[in-house]
Amino acid sequence: MFIFAIKYNILPASGLMSIPPEEGIGLAFDILKHLILPVATIVFVFVWEFIVIVARETQKEFGEVYIITEIAKGMPNKVIYWKHILKNIGITLSSFTGQKFMEMFTDYLVLDAFFSLQGLGLLLKNSFVREVVPNVGVVVNFRPYLFFPLTIIIATLFFVISLVIELIKGMLDPRVS
């Protein structure tokens with residue numbers, strides 16, 4: 001963020017659009033320009049983790065006896081990779097992807113408040129209001145009408161994603177279900 005938003009002033013550091021907002025197609029490009037840093041922040045972390053787990057699981061599968069046998073028979077590596085290895089690491093990848101998607105969503109809530117995108121993160125942040133009261137000090141007010149519906153929406157979303165992941169794992173390998 002420091003390099004792109006502050007030092008070279010290429011990308012905006014916060015907000016969802018410029019003030020005053022542009023009109024027409026310029027507004028769409030302005031919103032996309034404002035979303036580059038938050039999206040890149042989330043994606044780079046999770047793409048790196050995904051690459052590491054794919055490499056680790058693939059390396060582990062290449063050490064299995066049936067893969068060594070297929071290599072000894074002269075089967076091309078491309079066929080071994082697509083037919084055997086990806087099929088076997090698919091269950092691990094589906095679980096990992098679902099877990100990381102849910103983690104990415106919770107990270108989005110933090111980044112939403114950090115980059116001032118005015119979305120769910122702002123609602124969650126506004127459910128706790130800090131006020132300075134003379135002779136008392138700092139008082140934090142809790143707004144349950146903002147916090148609880150948002151928490152229920154997030155929990156429902158996580159439940160649906162977990163259910164879809166379990167159904168996908170059952171389709172990939174019937175032994176799992």
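A polar contact is a pair of N or O atoms within 3.5 Å; within protein, one must be able to donate a hydrogen and the other to accept it, and residues adjacent in sequence count only if both atoms are side-chain atoms. This is a predicted model, in which local features need pLDDT of at least 70 and side-chain atom pairs count only at pLDDT 80 or more, while totals for chains, interfaces and linings use all residues. Residues are numbered from 1 along each chain as its sequence is written, and side-chain values use heavy atoms, with hydrogens and water left out.

**View 1. Y66 and its polar contact with E61.** The side chains of Y66 and E61 make a polar contact at 2.5 Å. Y66 sits in helix α3, residues 65-72. Helices (H or I, at least four residues) and strands (E, at least two) are DSSP runs, numbered from the N terminus.

**View 2. The surroundings of Y66.** Beyond its neighbours within four places in sequence, Y66 touches E61, H84 and N88. Contact here means heavy atoms within 4.5 Å. Y66 counts as partly exposed because its relative accessibility is 29%. The classes are buried (under 20% relative accessible area), exposed (over 50%) and partly exposed in between, with a 1.4 Å probe and protein chains only. F158 is 92 residues from Y66 in sequence; C-alpha to C-alpha, the two are 37 Å apart in space.

**View 3. T58 in helix α2.** Helix α2 covers residues 25-62 and includes T58. T58 has 11% relative accessibility and therefore counts as buried. Leaving aside neighbours within four places in sequence, its contacts are Y81, I85 and I89.

**View 4. The fold around these sites.** The protein has six helices and two strands. Along the sequence they run α-α-α-α-α-β-β-α. The C-alpha trace spans about 80 × 40 × 35 Å along its principal axes. The radius of gyration is 23 Å, whereas a compact globule of 177 residues would have one near 16 Å. That radius is taken over C-alpha atoms, and the globule rule is 2.2 Å times the number of residues to the power 0.38. Of the 177 residues, 26% count as buried. Among contacts with a separation of 6 or more, 47% join residues 24 or more positions apart.

**View 5. The surface.** The accessible surface comes to about 12,200 Å². Carbon and sulfur atoms hold 70% of that area. Accessible areas come from the Shrake-Rupley method with a 1.4 Å probe; for residues, only the protein chains shown count as cover.
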